[in-house]
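User: I would like to go through the labels used for this model and the values behind them. Please take them one at a time.

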Amino acid sequence: MTVTDAVSLKNVHLSLGEGAGKVHILQGIDLSIPFRTSVGLVGPSGSGKSTLLMVLAGLERADSGEVKISGSDLSVMSEDDLAKFRGENIGIIFQSFHLIPNMTALENVAVPLELAGDKDAFQKARAELESVNLGHRLNHYPSQMSGGEQQRVAIARALVTRPKILIADEPTGNLDADTGKQIIKLMFDANKMHETTLVLVTHDPELANLCAQTIHMRSGEIIESHFPAHDSELAREVLGKNGLDEVSA
Ligand SMILES: Nc1ncnc2c1ncn2[C@@H]1O[C@H](COP(=O)(O)OP(=O)(O)O)[C@@H](O)[C@H]1O
Ligand SMILES: [Mg+2]
């Protein structure tokens with residue numbers, strides 16, 4: 001059987017919290033995301049977007065329903081297998097960067113490669129940092145870098161293993177507009193050059209509208225979906241003339 005979907009969720013439910021604080025967050029999510037596409041996940045605060053990303057990344061287990069990533073059923077994997085699968089298939093970036101503070105940029109980016117036993121970890125990490133224009137910051141610590149630089153390190157760390165899927169939770173939320181645009185461009189470059197499937201949570205309608213598809217959540221459910229026209233100035237700038245259509249056709 002050929003696997004065509006990067007993500008396939010069927011009737012996924014998840015509650016978190018204990019006792020009176022227990023919240024039924026995901027309430028029957030069905031979702032298919034084909035390989036090489038880009039999806040912008042939008043919806044009000046508290047609608048379950050971050051929780052859904054955690055499930056896609058295998059960082060939270062669904063209570064019921066089916067979660068398949070790249071054709072593999074996450075629910076049957078042990079914690080060790082899940083960690084290995086994540087390392088090989090999924091890159092993640094967060095609003096607040098989540099770099100390891102006592103490691104340099106180069107060390108941060110080398111971590112996922114070292115965990116995978118790659119002998120060329122530092123060489124590849126250096127090349128990846130150069131590709132996000134941070135060749136001059138290899139030995140800087142996170143506290144010595146701007147927010148935009150830290151997020152570029154986080155992107156390099158997420159992409160250095162060439163994951164099939166890049167998951168991003170409000171990746172531009174802590175950045176000013178111009179810096180955010182650099183981050184957006186790097187994600188869509190990966191989508192184009194490495195055919196990385198993008199799944200982005202964002203409050204920024206401009207960013208969501210750059211994606212091939214937008215998915216709208218409310219109260220733990222998917223309520224609608226759109227395929228935006230890429231006719232804005234930003235779309236031309238970030239996606240190029242033919243934009244996403246070349247990749248997702
Ligand atoms: N660990 C948790 N325990 C209990 N409730 C949680 C937990 N994590 C998130 N929630 C609740 O689940 C809902 C959805 O959260 P979240 O997925 O972070 O939404 P979003 O990212 O769309 O803002 C919120 O009401 C939040 O308070
Ligand atoms: Mg969130």
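User: What share of the contacts between residues at least 6 apart in sequence joins residues at least 24 apart?

Analyst: In this predicted model, 69% of those contacts in the chain join residues at least 24 apart. A pair counts as a contact when the C-beta atoms lie within 7 Å.

User: Why is the chain called as compact as a globular protein of its length?

Analyst: The chain has 9 helices and 10 strands. Its radius of gyration is 18 Å, and the globule rule gives 18 Å for 249 residues; the two values are close, so the chain is as compact as a globular protein of that length. The C-alpha trace spans about 45 × 45 × 40 Å along its principal axes.

User: What makes a residue count as buried, and what percentage of the chain is buried?

Analyst: The cut-off is 20 or more other C-beta atoms within 10 Å of the residue's own. Buried residues account for 41% of the 249 in the chain.

User: Why is H3 called roughly parallel to H5?

Analyst: Helix H3 (residues 105–115) packs against helix H5 (residues 147–159) at about 25 degrees, and the axes are 7 Å apart. Angles under 35 degrees count as roughly parallel, so H3 is roughly parallel to H5. The crossing is right-handed.

User: Which residues make the contact between H3 and H5, and of what classes are they?

Analyst: H3 contributes Ala105, Asn108, Val109, Val111 and Pro112, and H5 contributes Val153, Ala156 and Arg157. By class, this contact has 6 nonpolar, 1 polar and 1 charged residues.

Terms used
Residues numbered from 1 in each chain as written. Chains lettered and ligands numbered in written order. Predicted model: local features only at pLDDT ≥ 70, side-chain atom pairs only at ≥ 80, totals over all residues. Helix = DSSP H or I, 4+ residues; strand = E, 2+ residues; numbered from the N terminus. Rg over C-alpha atoms; globule rule 2.2 N^0.38 Å. Buried ≥ 20, exposed ≤ 12 C-beta atoms within 10 Å, placed from the backbone. Contact = placed C-beta atoms within 7 Å. Axes fitted to C-alpha atoms, helices over the stretch in contact; angles between N-to-C directions. Parallel < 35°, antiparallel > 145°, perpendicular 65-115°, else oblique. Left-handed = near helix turned anticlockwise from the far one by under 90°. Nonpolar A, V, L, I, M, F, W, Y, C, P; charged D, E, K, R; others polar.
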